[in-house]
Amino acid sequence: MSNQQTTILPEALSEVWLRGPVPLVPAALQPVAHALLQAREEVEAAMRSLPESLLWQRPASLASPGFHLQHMSGVLDRLFTYAAGSTLSEQQLALLQAEGDSGATTADAAKLLQSFVAAVDDAVNNLILTDVNTLTQERSVGRAKLPSTVAGLLFHAAEHTMRHVGQLITTIRILQDQPQ
């Protein structure tokens with residue numbers, strides 16, 4: 001260790017996990033909260049530069065930015081539903097069926113982004129309410145009732161969301177580099 005003083009970066013220059021604990025989130029769930037809040041920031045930044053006309057475009061048959069926004073919101077809702085020990089409602093199943101179908105929504109980019117931000121906020125609020133003593137409890141996923149745990153579902157929600165953030169950012173860059 002050196003005797004040099006540590007420089008604290010302004011919030012805008014550091015990643016969420018370097019800003020300290022998320023208030024009220026249990027220590028065991030901090031990585032989930034950090035990943036979800038990082039995802040929110042990266043999606044908000046990426047969407048600032050996306051023209052509305054490119055929202056549903058699928059370059060090289062990739063999923064559209066609109067799909068990624070819908071899917072990330074839906075996945076968070078579904079995985080946190082399973083983590084709570086519940087099954088999906090008819091409305092959740094209908095939304096799942098409509099993901100990626102530009103004709104099934106009247107939502108524009110701003111509305112889809114707003115839904116994603118709300119889904120992240122809801123997820124973080126659910127983390128705050130999660131009893132860490134339940135993390136190893138078994139949970140069933142989907143109609144096939146595949147086995148998981150509360151912790152498995154919560155951590156998968158974070159990593160799955162981040163995976164789609166990367167795909168969304170890449171797709172937006174490809175779309176922006178194409179001649180219009």
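Mentor: A helix, in the sense used here, is a DSSP run of H or I with at least four residues, and helices are numbered from the N terminus. The model before you is predicted. With that definition, H2 can be named as the element that gives the largest share of the lining of the largest pocket, eight residues.

Trainee: What volume does the largest pocket have, and which residues are closest to its centre?

Mentor: The volume of the largest pocket is about 530 Å³. It is lined by 25 residues, and those closest to the centre are Gln-70, Ser-73, Gly-74, Leu-95 and Ser-115. Two or more lining residues come from each of H2, helix H3 (90-98) and H4.

Trainee: How many helices and strands does the chain have, and in what order do its elements run?

Mentor: There are five helices and two strands. Read from the N terminus, the order is α-α-α-α-β-β-α. Buried residues make up 41% of the 180 residues.

Trainee: How do you know that the span of helix H4 agrees with its number of residues?

Mentor: The expected span of a helix is 1.5 Å times one less than its number of residues. Helix H4 covers residues 109-129, which is 21 residues, so it should span 30 Å. Its end C-alpha atoms are 30 Å apart, and therefore the two values agree.

Trainee: Which residues of H4 are buried, and what makes us say that they line one face of the helix?

Mentor: The buried residues are Ala-109, Leu-112, Leu-113, Phe-116, Val-117, Ala-119, Val-120, Ala-123, Val-124 and Leu-127. Seen down the axis of H4, they fall within an arc of 155°, and so they line one face. On the other side, Ala-110, Gln-114 and Leu-129 are exposed. The buried residues of H4 pack against helix H1 (30-47), helix H2 (65-83) and helix H5 (150-177).

Trainee: Which members of the largest nonpolar core touch the most other members?

Mentor: The core has 47 residues, and those that touch the most other members are Leu-36, Val-43, Met-47, Leu-69, Leu-127 and Leu-154. H1, H2, H4 and H5 are the elements that give two or more residues to this core. As a general matter, nonpolar side chains tend to be buried together in soluble globular proteins. Take Met-47 as an example: beyond residues up to four places away in sequence, it touches Leu-55, Leu-69, Ala-109, Leu-113, Leu-168 and Ile-172.

Trainee: Why is Leu-29 called buried?

Mentor: A residue is buried if its relative accessible area is under 20%. The value for Leu-29 is 0%, so Leu-29 is buried. This residue lies in the segment before H1. Leaving aside neighbours within four places in sequence, Leu-29 is in contact with Leu-127, Thr-130, Leu-135, Leu-154 and Phe-155.

Trainee: What makes His-160 count as buried?

Mentor: The relative accessibility of His-160 is 12%, which is under the limit of 20%, so His-160 counts as buried. His-160 belongs to helix H5. Apart from neighbours within four places in sequence, it is in contact with His-71 and Val-75.

Trainee: Why is Trp-17 called exposed, and why is Val-141 called partly exposed?

Mentor: Exposed means over 50%, and partly exposed is the range between buried and exposed. Trp-17 has a relative accessible area of 53%, so Trp-17 is exposed. For Val-141 the value is 21%, so this residue is partly exposed. Trp-17 is in the segment before H1, whereas Val-141 is in strand E1. Val-141 touches Tyr-82, Leu-146, Ser-148 and Leu-153, not counting residues up to four places away in sequence.

Trainee: What is noted about the phi of Leu-24 and of Lys-145?

Mentor: Leu-24 is not a glycine, yet its phi is positive, at about 75°. Lys-145, also not a glycine, has a positive phi of about 55°. Leu-24 is found in the segment before H1, and Lys-145 in the loop between strand E1 (138-141) and strand E2 (146-149). The relative accessible area of Leu-24 is 70%, so Leu-24 is exposed.

How values were computed
Residues numbered from 1 in each chain as written. Predicted model: local features only at pLDDT ≥ 70, side-chain atom pairs only at ≥ 80, totals over all residues. Heavy atoms only, no water. Buried < 20%, exposed > 50% of the residue type's maximum accessible area, 1.4 Å probe, protein only. Arc of directions from axis to C-beta. Contact = heavy atoms within 4.5 Å. Core = buried A, V, L, I, M, F, W, Y, C linked by side-chain atoms within 4.5 Å. 1 Å grid on protein atoms, 1.4 Å probe; cavity = no way out; pocket = protein on both sides within 12 Å on 5 of 7 lines; lining within 4 Å. Points joined across faces, edges and corners; volume = space filled by probe spheres on them.
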